[in-house]
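Thanks, everyone. I will go through one model, taking the helix packing and then the ligand site.

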Amino acid sequence: MKVCVLGAGVAGMTSAYFLWRAGHEVTVIERNAGVGLETSYANGGQLSYSYVAPLAGPGVLPKLPPWLMRRDSPLRFSPRLDFFQWRFCVQFVLACTTAQSEETTARLLRLSFYSRRLMHEMVRNEQLDFDYVKNGKLVFYSDEAAYQGAVATMDYQRSLGCEQQALDRDGCVAIEPALSHIAHEIAGGIYTPSEDAGDCYHFCTSLERVMREGPNPVKFELDTQVTALVRSGNSIASVETNRHPVAADCYVVTLGTHSVFLLRPIGIDAPIYPLKGYSLTLPIENARAAPQVSITDHKRKVVYARLGEELRVAGLADITNYRADPDPARTDVLARQVRETFPRSVDFGHMKTWCGLRPATPKGTPVLGRTKYSNLLLNIGHGALGFTLACGCGKIVADLADGRAPGISLDGFTLR
Ligand SMILES: Cc1cc2nc3c(=O)[nH]c(=O)nc-3n(C[C@H](O)[C@H](O)[C@H](O)COP(=O)(O)OP(=O)(O)OC[C@H]3O[C@@H](n4cnc5c(N)ncnc54)[C@H](O)[C@@H]3O)c2cc1C
């Protein structure tokens, strides 16, 4: 079967990979000159299979007013005359209940554990070069109430299959000695030994190489902008691009945040809005002062991952618009936090800055699977977890394209 994958971010690349491994003739269409150059480029690098609780949770609502007043807050809102922005905000607030948050967490754990198994198989079976490490993750908390809340969540997550340990201050420093100089600020932490990390962009380029060099190679149409999906009755006949039309038997939409602009004209309303985030990539100068395990600073909502000889730092969520244009003030917020948390660990003189648009849904669940068009599949809306969930989501759409039942239930992930 001829399958056309629209978009070459991590969702598109893993979809193409599983379709290609299933023996299909795959074409990937991407508007950039290379793969993985948008939101999948310099993300936090966390393969965070056990930390999937959505941003929308009961603890978030009381924090919103102080967050929205502070310039350096992890969340910033720039109101616009945009129906979809306001709809996202209303639906987000409505999702901030304990019941919804627990339901979403259970659904995402099902998907993330499936993804972890497939990622481990892929790493075993393919020659991939993306600074992949199985180094575990420590989330540390600066206030006692937040720590106790995390311990309660850990008990809930244990019932769903997560293996995590609650650590006191000394336990946190024993796991990650680079935290020793801010030990007095740490109330406790949750350590998950089974978490991985890697460079998402190099993961995408490695997959591209594998798919180009293998038998029946995948065709990459780069520098090609998809402009429309052309309907014929209840199926898609072709896609229009700025170069030439492309026809296939099946189409998979993996265009991240921009999916909505091609889906709305054909009557599909996916509840996705961009949450702009930032990252820094810094060469490690003093290996002992930089973290070895992946770290989340819960209070500041910043993640740290060691990728080869560099430290990747990511965080912040701005509800603003569809442009991935960086605001230097927000980059400064992140840089200041690195200076405070891991001083003298990295070379700020060679800092690379980046921002990207998380394709977020109000509840935090991606949108997967079939649509009202018989040959159109979706793999979009992964928010802050696109790298973590990529393998599971890619395999799911490949199974659906083949008419096979997916490996896990899609309850909660499909468009109603
Ligand atoms: C700061 C930050 C930190 C993050 N940290 C993590 C993390 O630690 N772990 C994790 O799991 N996730 C993380 N994420 C989330 C993750 O990066 C995203 O969920 C993921 O990259 C989304 O992948 P995607 O393929 O859906 O989108 P994209 O990577 O944006 O890919 C979509 C592709 O479609 C192409 N495209 C769009 N429109 C068109 C068109 N009309 N024609 C042709 N091509 C088009 C784009 O050029 C792009 O290449 C983070 C995100 C951010 C912003």
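Start with α4 and α10, which are roughly perpendicular to each other, because angles of 65 to 115 degrees count as such, under 35 as roughly parallel, over 145 as roughly antiparallel and the rest as oblique. Helix α4 covers residues 98–125, and its angle with α10 is about 90 degrees, the axes being 7 Å apart. Axes here are lines fitted to C-alpha atoms, for helices over the stretch in contact, and angles run from 0 to 180 degrees between N-to-C directions. From α4 the contact takes Leu 111, Ser 112, Tyr 114, Ser 115, Leu 118, Met 119 and Met 122, and from α10 Thr 388, Leu 389, Ala 390, Cys 391, Gly 392 and Lys 395. Two residues are in contact if their C-beta atoms, placed from the backbone, lie within 7 Å. This contact has 8 nonpolar, 4 polar and 1 charged residues. Ala, Val, Leu, Ile, Met, Phe, Trp, Tyr, Cys and Pro count as nonpolar, Asp, Glu, Lys and Arg as charged, and the others, Gly among them, as polar.

Some bookkeeping. The model is predicted: local features need pLDDT of at least 70, side-chain atom pairs count only at pLDDT 80 or more, and totals for chains, interfaces and linings use all residues. Residues are numbered from 1 along each chain as its sequence is written.

The protein has 10 helices and 19 strands; helices (H or I, at least four residues) and strands (E, at least two) are DSSP runs, numbered from the N terminus.

Next, α1. Helix α1, residues 10–21, packs against α10, residues 386–401, at about 40 degrees, with axes 8 Å apart. That makes α1 oblique to α10.

How does α1 sit against α7, roughly parallel or roughly perpendicular? The two are roughly parallel, at about 30 degrees and with axes 10 Å apart, α7 being residues 200–213. The crossing is left-handed. Met 13 and Trp 20 of α1 are among the contact residues, as are Phe 203 and Glu 208 of α7. The class count is 10 nonpolar, no polar and 1 charged.

Now the ligand. It is surrounded by 40 residues, the closest being Gly 9, Gly 44, Gly 256, Gly 277 and Gly 386; a residue is near a molecule or strand if its C-beta atom, placed from the backbone, lies within 6 Å of it. This shell has 14 nonpolar, 22 polar and 4 charged residues. At least two shell residues come from each of α1, β13 (273–283), β17 (352–360) and α10.

Definitions and conventions. A crossing is left-handed if the near helix is turned anticlockwise from the far one by less than a right angle, and right-handed if clockwise.
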